[in-house]
Amino acid sequence: QVQLVESGGGLVQAGGSLRLSCAASGNIFGIAAMGWYRQVPGKQRELVGVIISGGRITYSDSVKGRFTISRDNAKNTVSVQMNSLKPEDTGVYYCNAAGVVTSEGGSLVYWGRGTQVTVSS
């Protein structure tokens, strides 16, 4: 069973910084892509950024230049450094792992339980 566990959310003032981390555990042979999504009440979950195993990174336009995603393929972890935070960055941030290959075979998608980020004005 694969689990994703996030850490690092919290409350910060506008202009501040937070770092979120996520660790995937289980009998994992490889993960094609890891990234972060966020969701606010009443809206669909949206991409923050994703990094594939080869290192290519895609960011949402709303976070480009402020957020930086990094990944440790050996440890199956992904982090996002969030700088210059804005109130509109408030939401629940979810870790995502796609193309996860385990000892049971297949290629699946997993989500973390989410961590709250609140940016006050």
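This is a predicted model: local features need pLDDT of at least 70, side-chain atom pairs count only at pLDDT 80 or more; totals for chains, interfaces and linings use all residues.
Residues are numbered from 1 along each chain as its sequence is written, and side-chain values use heavy atoms, with hydrogens and water left out.

Let me start with the overall architecture. The protein chain has zero helices and eleven strands, where helices (H or I, at least four residues) and strands (E, at least two) are DSSP runs numbered from the N terminus. As for overall dimensions, the C-alpha trace spans about 45 × 25 × 20 Å along its principal axes. The radius of gyration, taken over C-alpha atoms, is compared with a globule rule of 2.2 Å times the number of residues to the power 0.38; for 121 residues a compact globule would come near 14 Å, and the protein chain, with 14 Å, agrees with that. If we define contact as heavy atoms within 4.5 Å, then, of the contacts in the protein chain with a separation of 6 or more, 56% are between residues 24 or more positions apart.

Turning to burial, I use buried for under 20% relative accessible area, exposed for over 50%, and partly exposed for what lies in between, with a 1.4 Å probe and protein chains only. By that criterion, 40% of the 121 residues in the protein chain are buried.

Trp36 is found in strand β4, and at a relative accessible area of 0% it is buried; its C-alpha is 9.3 Å from that of Leu20, which is 16 residues away in sequence. Tyr93, leaving aside neighbours within four places in sequence, is in contact with a list of residues that includes Glu6, Leu20, Trp36, Phe67, Met82 and Val117.

Next comes the disulfide, which is a pair of cysteine sulfur atoms within 2.5 Å. The count by this rule is one, and the bond joins Cys22 to Cys95 with an S to S distance of 2.0 Å. The link connects distant parts of the chain, as Cys22 is in strand β3 (residues 18-25) and Cys95 in strand β9, 73 residues apart. The torsion about the S-S bond is -80°, so to speak of handedness, the link of Cys22 and Cys95 is left-handed, and both cysteines, Cys22 and Cys95, are buried.

What about the aromatic rings? The structure holds one aromatic pair, under a rule that rings of Phe, Tyr and Trp (its six-membered ring) pair if their centres lie within 6.5 Å, with planes under 30 degrees apart counted as stacked, over 60 as edge-to-face and the rest as tilted. The rings of Tyr37 and Trp111 have centres 5.0 Å apart and planes at 70°, so this pair is edge-to-face. Because Tyr37 lies in strand β4 (residues 28-39) and Trp111 in strand β10 (residues 108-111), the pair ties together parts that are 74 residues apart in sequence. Tyr37 is partly exposed at 23% relative accessibility, and Trp111 is partly exposed at 38%.

Trp111 also takes part in a contact with a charge, where a charge sits over a ring if NZ of Lys or CZ of Arg is within 6 Å of the ring centre and within 35 degrees of the ring normal. Arg45 lies over the face of Trp111 at 4.6 Å from the ring centre, and the charged end of Arg45 also sits over the ring of Tyr94, 3.6 Å from its centre.

I will finish with the loops. Asp89, in the loop between β8 (77-82) and β9 (91-102), is buried at a relative accessible area of 1%, and its contacts beyond four places in sequence are Arg38, Arg66, Phe67, Ser84, Val117 and Val119. Ser84, which is in the loop between β8 and β9, has a positive phi of about 50° although it is not a glycine, and it is partly exposed at 41%. Asn76, in the loop between β7 and β8, has a positive phi near 55° and is buried at 14%.
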